[in-house]
Amino acid sequence: MIEILHAEWTKLRTVRSTTSMLALTFVVSVGLAAVSGVSVRHAYQSGNAAMVRPDFDPVYSGFVGLLYGQLALIVFGALLVTSEYGNGTIRTTFAAIPRRFRAYAGKLLVGCGAALVVAVATAGVSWPVNEVALGPYGVSMSTPGVPRAIVGAAAYLTLVCAFSIGVGALLRNSALALGVLLSLFFIVGPILSRIPGVGEAARFLPDQAGLRVMAVDRGGLTPSQGLGVVVAWAAMVAVAGYLRLRR
């Protein structure tokens, strides 16, 4: 198994498209966190508080950049699998590793391991950056629930990567996998959560449950329940991807 992990790590770090997505996850998340904080502080200090949402929450504000930065991590997870199907090198992978469970497990472990490192760095930097940018309108790291929310954000990003790898293995096509993933996380979930009568069911979608993992306020799913929902989605899709790959 060590050889398989080494092979997958070699493929990951030598393919520019995957490594660039990991870097973009951090850069976009931290950059947007800084811009968001500065914008809100400027609005308050210039007397344009009406430009800030009435329900503005400085704690949640620290995760806004991360929610957009996850786009790059989603692309990373999907491409980790679909790029090999696209260029035909998946045949070489299976020729070298006939036991497909081992090949898939190696790809999943290396992909999620890289995502975990990036997720910890992203969550650990983007939230403080946003609070610093907010200035007197931000809150400190010692605020009750904040450390747990930052850890939850890192866990959520890692699970999103596992989910994306599973979708990539299931669909085997980059355009199709990315179309499904981006629609789910950036269109379907946000829209359904705002429709009366449907919002209660939409909270069990992975993106909406992920918001609860990073929440400090009360209401809806608890952070642990939200994490459980995201874990269930990631596990279910990862298993489905393996079953498709085995066939």
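Me: Which helices each supply at least two residues of the nonpolar patch?

Reply: Helix 4 (64-87) and helix 8 (174-192) do. Helix 8 gives the most, with four residues. Keep in mind that this is a predicted model.

Me: What makes up the nonpolar patch?

Reply: Leu32, Tyr68, Leu71, Phe186, Ile187, Val188, Ile191, Ile195 and Val198 make a nonpolar surface patch of about 720 Å². Residues qualify for a patch with over 30% relative accessible area, and nonpolar side chains are joined within 5 Å.

Me: Why does Leu71 count as partly exposed?

Reply: Leu71, in helix 4, has 36% relative accessibility. Buried means under 20% and exposed means over 50%, so at 36% Leu71 counts as partly exposed. The patch cut-off is over 30%, and 36% for Leu71 clears that too.

Me: Which residues line the second largest pocket?

Reply: Glu8, Lys11, Leu12, Val15, Thr18, Leu79, Leu80, Ser83, Glu84, Asn87, Thr89 and Lys107 line the second largest pocket. Helix 1 (2-14) and helix 4 are the elements that give two or more residues to that lining, and helix 4 gives the most, with five. The second largest pocket holds about 170 Å³ of space. By class, its lining has four nonpolar, four polar and four charged residues.

Me: What makes the other space a cavity, and how many turn up at 30 Å³ or more?

Reply: A cavity is a place where a 1.4 Å probe fits but cannot get out, whereas a pocket is open. A search of the whole structure finds one cavity of 30 Å³ or more. The largest cavity has about 30 Å³ of space. Ile90, Thr93, Phe94, Ala103, Tyr104, Lys107 and Leu245 line the largest cavity, with helix 5 (90-96) and helix 6 each giving two or more residues. Its lining has five nonpolar, one polar and one charged residues.

Me: Why is helix 10 called largely enclosed by the rest of the structure?

Reply: Seven of its eight residues are buried, so helix 10 is largely enclosed. The buried ones are Pro206, Asp207, Gln208, Ala209, Gly210, Arg212 and Val213.

Me: And what about Leu221, buried or exposed?

Reply: Leu221 sits in the loop between helix 10 (206-213) and helix 11 (223-246). Its relative accessible area is 7%; with buried meaning under 20%, Leu221 is therefore buried. The C-alpha atoms of Leu221 and Ala209 are 7.4 Å apart, for residues twelve apart along the chain.

Definitions and conventions
Residues numbered from 1 in each chain as written. Predicted model: local features only at pLDDT ≥ 70, side-chain atom pairs only at ≥ 80, totals over all residues. Heavy atoms only, no water. Patch = residues over 30% accessible without salt bridge, like charges linked within 9 Å, V, L, I, M, F, W, Y side chains within 5 Å. Areas by Shrake-Rupley, 256 points an atom, 1.4 Å probe, with all protein chains shown as cover. Salt bridge = Lys/Arg side-chain N within 4 Å of Asp/Glu carboxyl O. Buried < 20%, exposed > 50% of the residue type's maximum accessible area, 1.4 Å probe, protein only. 1 Å grid on protein atoms, 1.4 Å probe; cavity = no way out; pocket = protein on both sides within 12 Å on 5 of 7 lines; lining within 4 Å. Points joined across faces, edges and corners; volume = space filled by probe spheres on them. Nonpolar A, V, L, I, M, F, W, Y, C, P; charged D, E, K, R; others polar.
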